[in-house]
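Biologist: Happy to have you here! Could we go through this model together, with me asking how you know each thing and you setting the values against the definitions?

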Amino acid sequence: MFKACYSQEMRAVDRAAEALGAVPGIILMENAALACVNEIKKNFDSTKSSIAVFCGKGNNGGDGLAIARHLYNAGADITVFLVSGNEFKGDAKINFDIINNMDVPMEAVTDTEELSYIVRSFDIVVDAILGTGISGTVRGMAYDVIGIINDNAKYVLSVDVPSGINSDSGEICGVCINANKTVTFGAYKIGMFLYPGADFTGEIVVDAISIPQHVLNSQNLQINVTDSEFVRSIIKQRTNNSHKGDYGKLLIIAGSRGMSGAAYMSAQAALKTGAGLITIACCNSINDILETKTTEVMTIPLPDTAGHIAYPAISDILPQVEKSDAVLIGPGLGRSKDVEDIVCAVLKNSRVPVIVDADAIWAVAKNKSVLADCACEIVFTPHAMELSYLTGLDIAYIEENRIEVSKELSEEYGATVLLKGHHTIVTAPDLTQYINNTGNPGLASGGSGDVLAGIIAAFAAQGADSAAAAAAAAYIHGLAGDIASRRFGMESMTACDVLGCLPDAIGQITVE
């Protein structure tokens with residue numbers, strides 16, 4: 001997995017690359033340029049393309065100058081536009097001096113009167129104006145140039161981060177490049193996954209640019225971007241001499257009158273993620289429905305009150321908890337005092353991982369003292385509103401501080417926290433974090449969270465570490481959503497469509 005880091009952490013990595021890895025900055029700049037050139041060549045025939053490279057005066061501009069040199073030598077029609085003059089320093093100056101002695105056309109941008117026409121005349125624009133160092137507000141010529149590029153460019157490749165995005169917070173610093181593709185170096189930048197900046201990166205490609213792995217390891221970077229290789233390591237390999245009990249016994253406590261679908265979808269998702277034996281504990285009033293809808297899943301009908309599981313059912317539930325390898329509680333469970341008491345009793349008595357989802361989060365939020373008595377691993381799966389129940393924080397504040405708030409909740413309760421949303425964030429009790437990079441807005445529909453909860457529970461039942469189970473589940477869920485989007489369209493896809501695409505998603509990961 002590649003890491004994601006803040007700008008200060010990335011600068012420390014660059015320094016460590018030179019000190020510990022003996023990789024000078026000029027080599028890193030050269031490799032960064034080559035990474036961008038290779039990405040351009042994937043989409044375009046560089047010998048038949050006209051390319052404008054807009055360079056600022058910092059190292060991002062130095063990357064741009066090296067990109068221009070390589071493309072020029074490859075036969076591309078190149079023009080370099082200097083947005084902030086030609087007073088370069090350090091490694092950037094080395095690349096400026098090299099290209100200044102070549103025949104590459106180079107112009108200083110002193111006014112923007114004809115720039116709109118000029119930008120429209122190029123096939124590709126390379127944005128190497130500001131990079132990761134921006135804070136405050138973009139001003140002056142850079143501000144005007146960014147706006148003109150956005151309005152007129154046919155295709156934009158940004159170097160490291162689209163100019164104008166704060167690479168730590170995702171804030172737009174007055175204006176930012178709207179990139180088709182961003183090539184970033186060494187590690188992802190945190191701001192690429194936070195809004196509103198995440199809407200402007202286009203496709204993100206990360207390149208190691210020869211920074212040694214031991215250098216990255218030396219920096220104790222705690223945020224990872226989940227990838228298929230990691231997920232593949234979580235999927236339990238099946239052996240010939242095995243049986244259903246080897247792949248986990250999962251208890252799902254879910255459903256209420258009018259909400260049988262939540263229990264059904266979570267159970268089906270767990271089945272398709274490989275759980276060996278699944279039992280749904282549900283209230284009597286929906287048991288017949290679930291018996292009809294499910295074939296491979298067992299059910300335990302429980303006494304109910306007003307369409308919810310009644311608290312006396314706890315005497316039937318706890319023996320099942322004891323027999324299970326993991327418990328999922330909450331999908332469609334409903335809200336009542338009986339539900340609160342059942343959730344608390346399960347958490348107090350379980351010795352296996354419990355995935356606390358949906359209405360069970362609401363129950364815990366009303367009885368947070370129960371967490372002090374838990375001896376089991378807990379995975380919370382809140383969206384922003386549910387996290388607001390648990391923390392008392394405003395939803396807007398949570399959305400603006402997703403990484404930090406997730407970490408604070410995980411640290412306070414020693415739990416794994418999966419904060420839903422585009423770029424779902426998973427935080428482990430040791431404060432290692434995982435950012436998910438799959439999925440699309442089509443997943444914002446009823447039942448989607450039930451499918452995700454079932455995937456997490458299946459991995460937990462098969463023995464995966466709780467945080468790893470949550471991170472892998474978010475990736476697979478998002479990938480299944482991407483497959484469903486291509487088949488049905490984001491507007492039309494449903495949670496059951498995502499459910500149906502789980503085998504394709506898992507198959508795609510396991511055969512890579």
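Biologist: How do you know that the span of helix α1 agrees with its 13 residues?

Modeller: Helices here are DSSP runs of H or I with at least four residues, strands are runs of E with at least two, and both are numbered from the N terminus. The expected span of a helix is 1.5 Å times one less than its number of residues. For α1, residues 7–19, that gives 18 Å, and the end C-alpha atoms are 18 Å apart, so the two agree. A word on the source: this is a predicted model, in which local features need pLDDT of at least 70 and side-chain atom pairs count only at pLDDT 80 or more, while totals for chains, interfaces and linings use all residues. Residues are numbered from 1 along each chain as its sequence is written, and side-chain values use heavy atoms, leaving out hydrogens and water.

Biologist: Which residues of α1 are buried, and what do they pack against?

Modeller: Buried means under 20% relative accessible area, exposed means over 50%, and partly exposed is in between, with a 1.4 Å probe and protein chains only. In α1 the buried residues are Ser-7, Met-10, Ala-12, Val-13, Ala-16 and Ala-17. They pack against β1 (2–5), α2 (25–43), β7 (181–185), β8 (188–189) and α7 (213–218), where contact means heavy atoms within 4.5 Å. As a general point, an α-helix has 3.6 residues a turn, so residues three or four places apart point the same way.

Biologist: What makes you call the protein chain as compact as a globular protein of that length?

Modeller: The chain has 19 helices and 21 strands. Its radius of gyration is 26 Å, close to the 24 Å that the globule rule gives for 512 residues, so the chain is as compact as a globular protein of that length. The radius is taken over C-alpha atoms, and the rule is 2.2 Å times the number of residues to the power 0.38. Along its principal axes the C-alpha trace spans about 85 × 45 × 40 Å. Buried residues make up 58% of the 512, and of the contacts between residues at least 6 apart in sequence, 71% join residues at least 24 apart.

Biologist: Why is Gly-276 called partly exposed?

Modeller: With a relative accessible area of 25%, Gly-276 falls in the partly exposed class. Gly-276 sits in the loop between α9 (260–272) and β12 (277–283). Neighbours within four places aside, Gly-276 is in contact with Lys-244, Tyr-247 and Gly-248. The C-alpha atoms of Gly-276 and Gly-245 are separated by 5.8 Å, although the two residues are 31 apart along the chain.

Biologist: What makes Ile-209 and Ala-358 worth a look?

Modeller: Most residues other than glycine have a negative phi, and most peptide bonds are trans. Ile-209 has a positive phi of about 45 degrees, and Ala-358 has a positive phi of about 50 degrees. Ile-209 is in the loop between β9 and α7, whereas Ala-358 is in the loop between β17 (354–356) and α13 (359–366). Relative accessibility is 7% for Ile-209, so this residue is buried; Ala-358, at 16%, is buried too.

Biologist: Where is the cis peptide bond?

Modeller: Tyr-195 and Pro-196 are joined by a cis peptide bond, with omega about 10 degrees. Pro-196 lies in the loop between β8 and β9 (203–207).

Biologist: Last one: what covers the buried residues of α14?

Modeller: The cover includes α13, β18 (378–380), α15 (395–400), α16 (402–413) and β19 (416–419). The buried residues of α14, a helix of residues 384–391, are Ala-384, Glu-386, Leu-387, Ser-388 and Leu-390. Gly-392 follows α14 and has a positive phi, near 80 degrees.
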